[in-house]
Amino acid sequence: MGKIRIAIAGLGNCASSLLQGIGYYKDLDGRAAADMALGLMHYNLGGYLPSDIEVVAAFDVDVRKVNRPLKEAVFAKPNCTAVFFPNITDIGVVVKMGEIHDGISPHMQDYPEDRRFIAANEKPCDVIKELRESGAQMLLNYLPVGSERASKFYAECCLEAGIAFINCIPVFITSDPLWATRFKDKGIPAIGDDIKAQIGATIIHRWLTKLFMDRGIHINHTYQLNVGGNTDFLNMLNHNRLKSKKVSKTEAVRSQINHPISEEDIHIGPSDYVPWMNDNKVCFLRIEGKGFGNIPMNLELRLSVEDSPNSAGVVIDAIRCCKIALDRGVGGAILSPSAYFMKHPPEQYSDEDARRMVEEFIEGKRER
Ligand SMILES: NC(=O)c1ccc[n+]([C@@H]2O[C@H](COP(=O)([O-])OP(=O)(O)OC[C@H]3O[C@@H](n4cnc5c(N)ncnc54)[C@H](O)[C@@H]3O)[C@@H](O)[C@H]2O)c1
C-alpha cells in the first residue's frame with residue numbers, strides 16, 4: 001500500500017517514543033502477530049504496518065535539536081524518556097528551525113538548562129516550502145501545551161501545503177467547527193485534539209466513571225491529580241498555559257457522567273513537577289459517590305506509567321487512519337478516529353462505541 005510520509009512539529013519525548021516505536025515494531029516483523037500488536041489496535045491496520053511510517057520533515061526550535069539529524073535530535077536534552085530502541089534510522093532528515101511564537105514559556109528560564117527548552121538563535125525555515133518539497137502527507141503537532149499561536153501557525157501551513165493534520169495537543173483545532181470546515185473545504189483530513197494514551201489517566205477515569213453510571217452510582221465528587229518530571233510537566237507549571245488542557249481532560253471525563261456535576265465537584269489536571277521523576281507520570285484518582293439506599297462509597301486509584309511511550313502506539317494508529325482518509329479522499333474532521341484516539345474530539349462517545357466506530361471506519365463501513 002506504500003509508505004506514509006509524515007512531518008513532525010516538536011521533537012520532544014513523544015516524538016522520541018514514536019520514532020523508537022516505529023523502529024521497534026519494524027524489528028519485530030518476523031514474530032507472531034499477537035506479540036506485535038502491543039499498544040496498537042492492529043499490527044496491520046487497513047493494510048498499513050507501523051514500519052510503513054516514514055518521517056520526511058521535522059521542525060523544532062531548541063538549539064540542541066535544530067540542524068541535527070532527526071535520529072540524534074530525538075535523544076537530545078531535555079528529552080528524558082525511556083530509551084527502548086536506540087538505533088533508530090531516518091532517511092537523512094535534518095531538523096529545521098520552526099517558528100517559535102508561544103512555544104516556549106518564559107518561566108522555563110528559572111530552571112536548569114538540561115531540564116528546559118533553549119531557543120536556537122536561527123532564522124525560521126519556510127515551513128510550507130519544506131512540507132511541499134519533502135512530500136509529507138500529514139503533519140503531527142507535538143508542541144508544548146499552551147502553544148495556541150504556534151499550533152495554529154502549523155495548522156495554517158498544512159492548509160496551505162495541502163497536507164493532513166494530526167493534533168496531539170489540547171489546542172482546539174479539529175474540534176473547532178470553523179477550523180474543521182476549512183479542512184473540509186480543502187478536502188484535507190484532520191484528526192484531533194489531544195492524544196489519549198494507551199492506559200493513561202483519562203481512559204481509566206472515563207471507564208471507571210462509565211462503570212459507576214452503568215451500575216447506578218451517583219458521582220458527587222471526583223479528582224485526578226497528575227505529577228511528573230518531564231518538560232511537559234515543567235511547561236504546565238505556568239497555569240496560564242493550562243486552560244485548554246483542563247477543558248480537554250475535564251470534558252473527556254464529564255462526557256461519561258449522565259447527570260449534572262458542578263465545576264467544583266470535578267477537578268482534573270496536572271498538579272506538580274517533580275524533576276527526579278523524569279518521564280514517569282503518576283496519577284492519583286478519587287471518585288466519591290452514593291449507591292443503593294443513598295449509601296456513600298469512594299474509590300482511590302494510583303497509576304504509574306512512562307508518559308511518552310504510553311501514547312506512541314495510539315499515534316501510530318491515528319497516523320494510519322489519517323492515511324486511510326487520504327486514500328479515500330475524505331476531508332475535514334475524521335470523527336471516529338478522533339473520538340477513540342483523542343481526549344477532545346469534535347464528538348464524544350464512550351470508548352467502547354468509539355472503538356467500534358473506528359473498526360467500521362477501517363473496514364470502509366463508515367466514511368469518517
Ligand atoms: N505523553 C502523552 O501521553 C501525551 C498525551 C496527551 C498530550 N500530550 C501532549 O503532546 C505534546 C508533546 O509532548 P512531549 O512530552 O513530547 O513534549 P516535550 O516538552 O517533550 O516536547 C515539546 C517539543 O516541542 C518543541 N517546540 C517548542 N515550541 C516549538 C515550536 N514553536 N515549533 C517547533 N517545536 C517547538 C520543544 O523544543 C520540544 O522539543 C505536549 O503538548 C503534551 O501535553 C502528550
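His 101 counts as partly exposed because 17 C-beta neighbours lie inside 10 Å; a residue is buried if 20 or more other C-beta atoms lie within 10 Å of its own, exposed if 12 or fewer, and partly exposed in between, with C-beta atoms placed from the backbone. The structure is a predicted model, in which local features need pLDDT of at least 70 and side-chain atom pairs count only at pLDDT 80 or more, while totals for chains, interfaces and linings use all residues. Residues are numbered from 1 along each chain as its sequence is written.

His 101 is found in the loop between β3 and α4 (127-134), where helices (H or I, at least four residues) and strands (E, at least two) are DSSP runs numbered from the N terminus. Although not a glycine, His 101 has a positive phi of about 45°. A positive phi, of about 80°, also occurs at Asp 194, which is not a glycine. Asp 194 lies in the loop between β6 and α7 and is buried, with 28 other C-beta atoms within 10 Å. Asp 193 is placed in the loop between β6 (189-191) and α7 (201-214), and a cis peptide bond with omega of about 0° joins Gly 192 to Asp 193. A cis peptide bond also joins Lys 77 and Pro 78, with omega of about 5°; Pro 78 is in the loop between α3 (70-73) and β3 (96-97). Most residues other than glycine have a negative phi, and most peptide bonds are trans.

The chain contains twelve helices and eleven strands. Its radius of gyration is 20 Å, close to the 21 Å given by the globule rule for 368 residues, so the chain is as compact as a globular protein of that length. The radius is taken over C-alpha atoms, and the rule is 2.2 Å times the number of residues to the power 0.38. Of the 368 residues, 49% count as buried.

The shell around the ligand lies between domain 1 (4-196 + 309-363) and domain 2 (201-306), because both give residues to it; the domain bounds come from an automatic or database domain assignment. Of the 40 residues around the ligand, Gly 10, Gly 12, Cys 14, Gly 103 and Ser 311 come nearest, a residue being near if its C-beta atom, placed from the backbone, lies within 6 Å. Two or more residues of the shell come from each of α1 (13-27), β2 (53-60), α8 (231-235) and α10 (309-328).
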